[in-house]
Structures are given as structure tokens and as C-alpha cells.
Amino acid sequence: MLVVDNLHTYHGYLHVLKGIHFEIKQGEIFAMVGSNGAGKSTLLGTIAGIYKPRSGTIVFENEEISYGKVEKIVEKGICLVPERRQIFDDLSVKDNLLLGSYHRYKNDKKSVMEDFEQVLDFFPKLKTMLDRPGGLLSGGEQQMVAIGRGLMAKPKLMMLDEPSLGLAPLIVKDIMNILKQMKKTFGTTILLIEQNVKAALQIADHACVLDRGEIVIQGKASDLLEDEKIKDTYLGISKKERLKL
Amino acid sequence: MELTSQFIQLIFSGLTIGSIYALIAIGFVIIYNITGLLNLAQGDFAMLGALTCISFVNMGFPLIIAIAVSVVIVTIIGGLFERLAIYPARNSSTATLLIITIGAAFVFRGISILIWGTQPLALRPFSGNQNINFLDATIQPQSLWAIGISLLSLAVLYYFFNKTYLGKAVTACVVNRFAARLMGISPQKMSFWAVSISAGLGALAGIVIAPISGASYDMGIMIGLKAFIAAVIGGLSNAPAAIAGAFLIGILESFTEGYLSSGYKDAISFTLLLIVLFFMPNGLFSKVSGKRV
Ligand SMILES: Nc1ncnc2c1ncn2[C@@H]1O[C@H](COP(=O)(O)OP(=O)(O)OP(=O)(O)O)[C@@H](O)[C@H]1O
Ligand SMILES: [Mg+2]
């Protein structure tokens with residue numbers, strides 16, 4: 001569904017992505033992990049058309065994606081739920097959600113309202129706060145709005161940039177469950193970036209590790225979960241701890 | 001009695017000019033928030049609107065038609081200005097864009113000298129010259145038109161931004177341009193609409209004030225400047241505060257003119273601007289938290 005090949009992106013002189021190659025299949029959850037500054041957000045931004053790649057290709061459903069046409073990319077069915085949620089603080093929860101459908105609202109108002117109900121069924125908690133300004137919600141609630149807003153775009157591929165950032169472990173679990181359900185209910189393909197490596201790998205089908213702009217490990221999520229190197233560096237299960245086990 | 005009637009009269013003339021500033025100040029705020037651009041040609045839309053309307057009236061069109069057509073024409077001029085001058089330079093620095101708008105202002109003034117000359121022209125009041133007596137104060141009916149039309153426009157704008165889907169999309173652009181882009185809202189499209197609508201509002205303001213102050217090629221300079229001050233003392237990103245700023249300046253000017261001398265009228269606005277910029281750089285009405293509204 002999405003094939004990224006030999007992708008190089010710079011921020012000014014900073015060479016951030018150094019020849020990325022990976023492929024996401026229709027209907028799967030693909031997790032990407034990596035330390036701070038590895039280039040994960042830059043990668044998602046490049047796919048979404050915000051950052052200009054220096055070279056390489058991004059092909060989505062057999063069509064190449066080009067830089068700068070963010071609206072076109074949204075219309076094609078790729079939606080980015082950005083880092084730190086970025087909801088519209090001054091707008092109500094309802095408006096936040098509805099604006100997610102901006103690219104199809106004009107032609108398809110009826111199905112937008114149907115999807116609105118469906119998204120609310122997905123996040124029943126939001127039903128009670130539809131008129132509150134997004135900026136006044138808690139972090140977890142805001143994250144639900146951000147994901148719900150993304151769903152309202154009815155994307156084929158949803159990219160989520162650290163949806164669990166700053167959330168309590170219990171809510172992180174909720175969010176992961178929601179992603180799993182999204183995949184099941186809507187058939188949404190998901191590219192998930194997470195610092196919460198274990199939680200991400202548990203729900204993912206495939207995964208990779210991004211390190212300083214390069215993909216260093218790639219494979220089945222279940223295999224990565226067992227990988228010694230990943231256990232050491234990302235899961236925080238040190239040798240000492242394992243000796244105890 | 002003499003004192004109160006003068007007071008009421010000054011209040012009314014302050015509200016009148018304030019409502020004109022408000023229409024133009026809103027234009028500043030809308031454009032600034034969506035594009036980050038300070039459009040210094042904003043006042044010249046008022047000039048273009050007023051002069052175009054006068055021409056149509058002189059051609060024999062009914063006033064209401066002349067007003068409507070002039071507003072539409074200036075709205076289109078605003079749209080063209082955005083596409084031809086601002087859009088191509090959208091990735092340039094703020095200073096470059098600022099200079100482009102100054103350049104555009106000179107172009108507008110130059111063209112209007114060619115068409116209408118340098119002599120001020122008059123537009124007849126919308127509903128006669130019969131002054132209204134209110135608590136011993138004489139009020140020009142045109143004042144009521146000015147205040148009424150600008151309040152109505154502000155109400156329509158409020159409705160648009162708060163109740164319609166497109167208006168909310170524009171607001172989203174203002175609140176978080178980055179996220180708006182990710183939702184497929186194109187800031188460039190919004191910029192086009194913002195400049196067009198602001199131009200139309202400016203035209204309306206110019207037309208409404210023309211029967212009181214006359215219209216000439218350079219009328220946009222002072223009106224634009226005062227509206228700009230209103231927007232700045234309102235904090236530039238806050239539409240209601242800009243409107244409040246506009247009325248404040250209008251009333252301040254009218255009182256200075258009435259109780260001191262008209263010579264101090266302009267000085268007082270600039271003094272206010274300096275004071276606000278000095279002590280409250282986020283605007284007169286900014287909350288302590290500094291959150292943008
Ligand atoms: N807009 C930008 N301009 C300049 N440099 C940037 C920009 N965005 C990111 N960078 C730099 O590029 C590198 C990669 O940043 P990126 O945000 O992609 O990392 P990340 O993997 O998402 O990190 P984190 O886990 O902290 O979110 C960092 O060194 C960062 O400083
Ligand atoms: Mg990041």
C-alpha cells in the first residue's frame with residue numbers, strides 16, 4: 001500500500017533521513033520505534049507532504065506522492081495525527097472532529113454526519129464534552145479528539161506520531177486498543193510511531209527501528225519483541241533484571 | 001444642558017468614525033492571522049470603494065446598486081491583489097511582503113489619481129440631510145447608517161466565523177495553521193478569501209464614511225493607519241479587541257477634537273499606540289495568560 005524507497009530528507013544542512021526503505025501492507029499496523037531525534041516525525045512529515053525530500057520516492061497505492069500538496073495527499077487517503085495532538089484549542093470538540101472531514105464535507109455531508117456518530121461511538125467519553133473548547137480537555141481526552149479527528153478524514157492510511165506521549169499507562173492501553181479496533185472495524189492501515197515500545201509492538205503486525213535516520217532493524221513485530229538488542233535498548237529489560245527472572 | 005448635548009454629539013461622532021475603523025481593523029486582523037501578513041494597503045480599499053461608488057452614483061445608478069456593485073468590484077480587486085502580488089511571494093520574508101503591500105497601496109493611489117483626479121469628491125448621504133435631534137444633540141443620519149452598517153457587518157462576520165463550516169475552517173487556520181493543513185485545509189485558499197473579504201469590508205467602510213468626510217485618492221492613508229493602530233492596540237490577533245480598540249480610538253479622537261483642538265486628533269491615536277506598545281506589547285486587552293483568542 002505504501003512503499004518508501006531510498007528516502008533522504010534534510011532540515012537545512014542537517015541530514016535527518018538517510019536512505020529510508022520500508023513497505024506497509026494494506027490493513028496492517030506498522031510500528032516504528034526509535035530514540036529522540038532519530039527522525040521519526042520528520043519521516044511522517046515527509047510522507048504527509050510537509051517536508052521536502054532531497055531524493056527518494058514515496059508511493060501510495062501505486063501513485064507517487066509529491067511534496068507540498070498536503071491537501072492532495074489528505075484527499076488520497078493519508079492522514080497524519082501529529083505529535084503533541086495539535087487540536088484546535090479554541091474550537092469545540094464537535095468542530096474539531098467535523099473539521100477532520102474538511103476535504104469531503106462539501107460533497108458528502110451526509111456520510112460525514114454518519115461518520116461523526118460512528119466516531120462518537122468509538123469515543124463515548126467525547127459525547128459528554130462536545131461543546132467544550134478543545135484546549136480545556138485533559139491530555140488523554142485531547143488525544144482522543146486528535147485520533148477522532150483523524151478518523152473523520154476517513155483515511156486509508158492513518159499515521160500516528162506518539163499518540164501516548166504524556167499519558168498514564170492505563171490510557172496508553174486504551175489508545176492501543178482503539179488502534180486495534182480501528183484496524184478491525186474500518187480496515188484502516190496504521191503507521192504508528194511510539195516511544196512506548198512494548199505497547200506498540202504488542203499490537204503491531206510489522207515494525208522497524210529507526211536509528212539516527214536509518215532503519216536498523218525491521219521485521220515481524222512479534223520477532224522484534226523477542227529481539228535481544230531491542231530488549232536491551234528499548235524495552236529497558238536489562239541483563240540484571242533477566243538474571244533475576 | 002449645553003454640556004450634555006455636546007457630550008452626546010461627540011460620542012456619536014466617535015462611534016461613527018470608530019465603526020469605520022472597526023471594519024478596516026477587522027480586515028487587518030483576519031489577514032494577519034491567516035497569512036501572518038500586515039496588509040498596509042487595507043485603507044486604500046476604503047478609498048477604492050468610496051470613489052467607485054461615487055462614479056456609479058454619478059452615472060445614474062440607484063445608490064443601493066452602486067454600493068453593492070462597488071463592494072463586489074473591490075472584493076474582486078482584493079482577490080486579484082492576493083493572487084497576483086501576495087501569493088507569488090508567499091514564501092518570502094515578512095519584510096518583503098510588507099513592502100509589497102506598501103507598493104500595492106501606491107499603485108492603488110496612483111490609479112485612482114488617474115481615474116478620479118486629486119480633488120475630493122462627495123457622495124450624497126444615504127437618507128437626506130435632515131439632522132436628527134436627540135436630547136438636544138444634533139446627529140447626522142449618516143452617522144446612524146455608519147454605525148448600523150458596521151454593527152451589521154460585524155454580526156454577519158461573527159455568524160460566519162462561529163456558525164458556518166467554512167468559517168470554522170478559516171478559524172482553524174487561525175488557531176493552528178499546521179493542524180489545519182493536515183486536515184486538508186489549504187492556507188493559500190484561505191488567504192485568498194481573507195484578503196478578498198477584507199477588501200470588501202474596507203470598501204463598505206469607505207462608502208459609508210464618504211458622505212461625512214468626502215472621498216479622495218489619499219483618504220485611505222489616515223483611515224488605514226488609524227485602523228491599524230486599533231488592531232495593534234487590540235493585540236492584532238483578537239478580533240473583538242480590535243473592534244473595541246477601533247471604537248476607543250474613534251471616541252478618543254472625537255473628544256480631543258471637541259474639547260481640545262482638531263490639531264491634536266491624530267497625535268492622540270499615535271500616542272496611544274506608543275503607550276500600548278511600550279507597556280502592553282500584547283495589546284490593551286490581552287489577558288495575563290497571554291492566550292490568543
Ligand atoms: N523543522 C525543523 N527544522 C530544523 N531541524 C529540525 C526540524 N524538525 C526536526 N529537526 C531536527 O531533525 C532531527 C530529527 O527530528 P524529528 O523530530 O524527526 O525526531 P523524532 O524521531 O521525531 O524525535 P522525538 O522522538 O523526540 O519526537 C532532530 O535533530 C531535530 O532537531
Ligand atoms: Mg517526533
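## Salt bridges within chain A

A salt bridge here is a side-chain nitrogen of Lys or Arg within 4 Å of a carboxyl oxygen of Asp or Glu. By that rule, Lys125(A) pairs with Glu141(A), their closest N and O atoms being 3.2 Å apart. This predicted model counts local features at pLDDT of at least 70 and side-chain atom pairs only at pLDDT 80 or more, while totals for chains, interfaces and linings use all residues. Residues are numbered from 1 along each chain as its sequence is written, chains are lettered from A and ligands numbered from 1 in the order in which they are written, and side-chain values use heavy atoms, without hydrogens or water.

Over all chains the structure holds 13 salt bridges. Another one joins Glu61(A) to Lys156(A), with the closest N and O atoms 3.0 Å apart. Glu61(A) sits in the loop between strand 4 (53–60) and strand 5 (63–64) of chain A, and Lys156(A) in the loop between helix 7 (139–152) and strand 7 (157–161), so the pair ties together parts 95 residues apart in sequence; helices (H or I, at least four residues) and strands (E, at least two) are DSSP runs numbered from the N terminus.

Lys154(A) forms a salt bridge with Asp115(A), at 3.5 Å between the closest N and O atoms. Asp115(A) is buried, at 8% relative accessible area (buried means under 20%, exposed over 50%, partly exposed in between, with a 1.4 Å probe and protein chains only). Glu141(A) is likewise buried, at 11%, whereas Lys125(A) is partly exposed, at 43%.

## Where chain A meets chain B

Let's turn to the interface. Contact (heavy atoms within 4.5 Å) takes in 25 residues from chain A and 21 residues from chain B. The buried area, meaning the accessible area (1.4 Å probe) that two parts lose on being put together, summed over both, is about 2,100 Å², with carbon and sulfur atoms giving 69%. On the chain A side, Phe88(A), Asp90(A) and Tyr102(A) lose the most area to chain B, together 30% of what that side buries.

One salt bridge is found across this interface: Asp95(A) pairs with Lys168(B), the closest N and O atoms being 3.0 Å apart.

## The magnesium site

Which residues coordinate the magnesium ion (ligand 2)? They are Ser41(A), through OG, and Glu83(A), through OE, at 1.9 to 2.3 Å. Donors are N, O and S atoms within 2.8 Å of the metal (3.2 Å for Na, K and Ca), and water is not among the atoms, so sites may look incomplete. Ser41(A) is partly exposed, at 23% relative accessible area, and Glu83(A) is partly exposed at 25%.
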